Amino acid sequence: MTLVKFSGNKNRGVDNWVNDFFNPVFNDSFLSDRFTSRVPAVNVAETSDAYHIELAAPGLEKGDFKINVDGDVLTISAEKKVESSDESKKYSKREYSYTSFTRSFTLPDSIDHGKIDANYKDGVLKVDITKKEEAKVASRLIEVK
């Protein structure tokens with residue numbers, strides 16, 4: 001036996017016509033791509049020496065990023081605008097690509113503001129934030145007496 005979704009509407013022909021008419025409008029990539037939030041995923045890790053932030057941002061270039069430290073807030077932002085133009089064509093639909101985001105992180109007092117490094121490779125921005133020397137946890141073995 002096969003289960004089939006039942007539509008209690010006797011006017012299924014009208015339903016199909018309405019769906020065929022509106023589906024292309026509401027399923028257009030213009031709507032689905034442009035009205036969704038595109039905030040990059042972030043991993044934040046802590047070691048004994050530093051904090052490490054990895055931000056997934058494929059398709060960008062090093063020059064698209066702006067990293068700023070203002071007091072105890074680290075802000076990573078990016079903006080990229082791609083515009084193609086061909087004057088020899090008459091367009092009926094033309095789309096531009098625009099990407100921007102901003103992520104902010106509150107930094108602890110234990111960081112060394114002079115030792116923040118960033119590297120962008122293979123679509124991942126890595127920011128390393130070194131801790132102050134006095135904030136680094138020294139590892140030692142404690143003898144049980």
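**Chat about a predicted model**

Trainee: Which residues have the most contacts inside the largest nonpolar core?

Mentor: Phe65, Leu74, Ile76, Phe101 and Ile129. The core has 17 residues. Keep in mind that this is a predicted model.

Trainee: Which elements give two or more residues to this core?

Mentor: Strands do: E2 (50-56), E4 (73-82), E5 (97-106), E6 (111-121) and E7 (124-131).

Trainee: Let's pick Ile76. What does isoleucine 76 touch, not counting residues up to four places away in sequence?

Mentor: Its partners include Ile53, Leu55, Phe65 and Ile67. Further along the chain, isoleucine 76 touches Phe101, Thr102, Arg103 and Phe105, among others. Leu125 and Val127 are also on the list.

Trainee: Now the whole chain. How many helices and strands does the chain have?

Mentor: Two helices and seven strands. Along the sequence the pattern reads α-α-β-β-β-β-β-β-β.

Trainee: And what share of the residues count as buried?

Mentor: 18% of the 145 residues. The accessible surface is about 11900 Å², and carbon and sulfur atoms hold 50% of that.

Trainee: What about contacts between residues 24 or more positions apart?

Mentor: Take the contacts with a separation of 6 or more. Residues 24 or more positions apart account for 51% of them.

Trainee: New topic. Where is aspartate 109?

Mentor: In the loop between E5 and E6.

Trainee: Is aspartate 109 buried or exposed?

Mentor: Exposed, because its relative accessibility is 70% and the cut-off for exposed is over 50%.

Trainee: How far apart are aspartate 109 and lysine 131?

Mentor: They are 22 residues apart in sequence. In space, their C-alpha atoms are 9.0 Å apart.

Conventions:
Residues numbered from 1 in each chain as written. Predicted model: local features only at pLDDT ≥ 70, side-chain atom pairs only at ≥ 80, totals over all residues. Heavy atoms only, no water. Core = buried A, V, L, I, M, F, W, Y, C linked by side-chain atoms within 4.5 Å. Buried < 20%, exposed > 50% of the residue type's maximum accessible area, 1.4 Å probe, protein only. Helix = DSSP H or I, 4+ residues; strand = E, 2+ residues; numbered from the N terminus. Contact = heavy atoms within 4.5 Å. Areas by Shrake-Rupley, 256 points an atom, 1.4 Å probe, with all protein chains shown as cover.
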